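Work through the exercises below with the sequence and the model open. Each task is followed by a stepwise solution.

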Amino acid sequence: MFFKTTLSFLLILLTTLAGIAGPNTRVVIDAGHGGQDKGAVWYGVRESDLNLKVAKKVEAMLKAKNIPVTMTRRNDVYVSLDQRAAIANRYKD
């Protein structure tokens with residue numbers, strides 16, 4: 001239920017973003033955790049896996065609205081904080 005509620009909220013947010021996005025808009029999505037950093041684990045479910053799943057759904061929603069997206073990671077790999085910042089900083093105005 002939480003997952004569906006979160007996605008519904010994101011859809012509303014993305015619809016709003018699509019209405020105000022300018023020609024140079026790019027969204028950088030950082031799924032967090034990954035690789036050796038599993039995040040919280042609850043009944044065998046890893047936070048890193050949930051984060052990536054949500055990030056990919058958000059990416060698909062944004063792309064459907066023709067908003068360019070960059071992901072800091074697309075699979076279960078560790079990306080350092082410095083690397084994440086460097087990825088986002090490539091798209092400064």
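**Exercise 1.** How many salt bridges does a search of the whole structure find?

*Solution.* The search, run on a predicted model, returns six salt bridges. The next exercises take up some of them.

**Exercise 2.** Characterise the salt bridge between Asp76 and Lys38.

*Solution.* 
- Step 1, distance. The closest N and O atoms of Asp76 and Lys38 are 3.7 Å apart. The cut-off is 4 Å, so the pair qualifies.
- Step 2, location. Asp76 sits in the loop between strand S4 (69-71) and helix H3 (81-89). Lys38 sits in the loop between strand S1 (27-29) and strand S2 (41-42). The two residues are 38 residues apart, and the pair links distant parts of the chain.
- Step 3, accessibility. Asp76 has 34% relative accessibility and Lys38 has a relative accessible area of 26%.

**Exercise 3.** Which parts of the chain does the salt bridge of Asp76 and Arg46 tie together?

*Solution.* 
- Step 1, distance. The side chains of Asp76 and Arg46 meet at 3.1 Å, N to O.
- Step 2, location. Arg46 belongs to strand S3 (residues 45-46), while Asp76 is in the loop between S4 and H3, so the bridge joins parts that are 30 residues apart in sequence.
- Step 3, accessibility. Arg46 is partly exposed, at 23% relative accessible area.
- Step 4, wider links. A network of salt bridges links Lys38, Arg46, Asp49 and Asp76.

**Exercise 4.** Is Glu59 buried or exposed, and with which residues is Glu59 in contact beyond its neighbours within four places in sequence?

*Solution.* 
- Step 1, place. Glu59 lies in helix H2 (residues 47-64).
- Step 2, accessibility. Its relative accessible area is 7%, so Glu59 is buried; the limit is under 20%.
- Step 3, contacts. With neighbours within four places set aside, Glu59 touches Ile29, Val69, Met71 and Arg74.
- Step 4, salt bridge. Glu59 and Arg74 form a salt bridge at 3.1 Å, N to O. Arg74 is in the loop between S4 and H3, 15 residues apart from Glu59.
- Step 5, partner. Arg74 is partly exposed, at 45%, whereas Glu59 is buried.

**Exercise 5.** What is the geometry of the rings of Trp42 and Tyr43?

*Solution.* 
- Step 1, search. One aromatic pair is found in the whole structure.
- Step 2, geometry. The ring centres of Trp42 and Tyr43 are 4.8 Å apart and the planes stand at 80°, so the pair is edge-to-face. The threshold is over 60 degrees.
- Step 3, accessibility. Trp42 and Tyr43 are both exposed.

Key:
Residues are numbered from 1 along each chain as its sequence is written. This is a predicted model: local features need pLDDT of at least 70, side-chain atom pairs count only at pLDDT 80 or more; totals for chains, interfaces and linings use all residues. Side-chain values use heavy atoms; hydrogens and water are left out. Rings of Phe, Tyr and Trp (its six-membered ring) pair if their centres lie within 6.5 Å; planes under 30 degrees apart count as stacked, over 60 as edge-to-face and the rest as tilted. Buried means under 20% relative accessible area, exposed over 50%, partly exposed in between (1.4 Å probe, protein chains only). Helices (H or I, at least four residues) and strands (E, at least two) are DSSP runs, numbered from the N terminus. Contact means heavy atoms within 4.5 Å.
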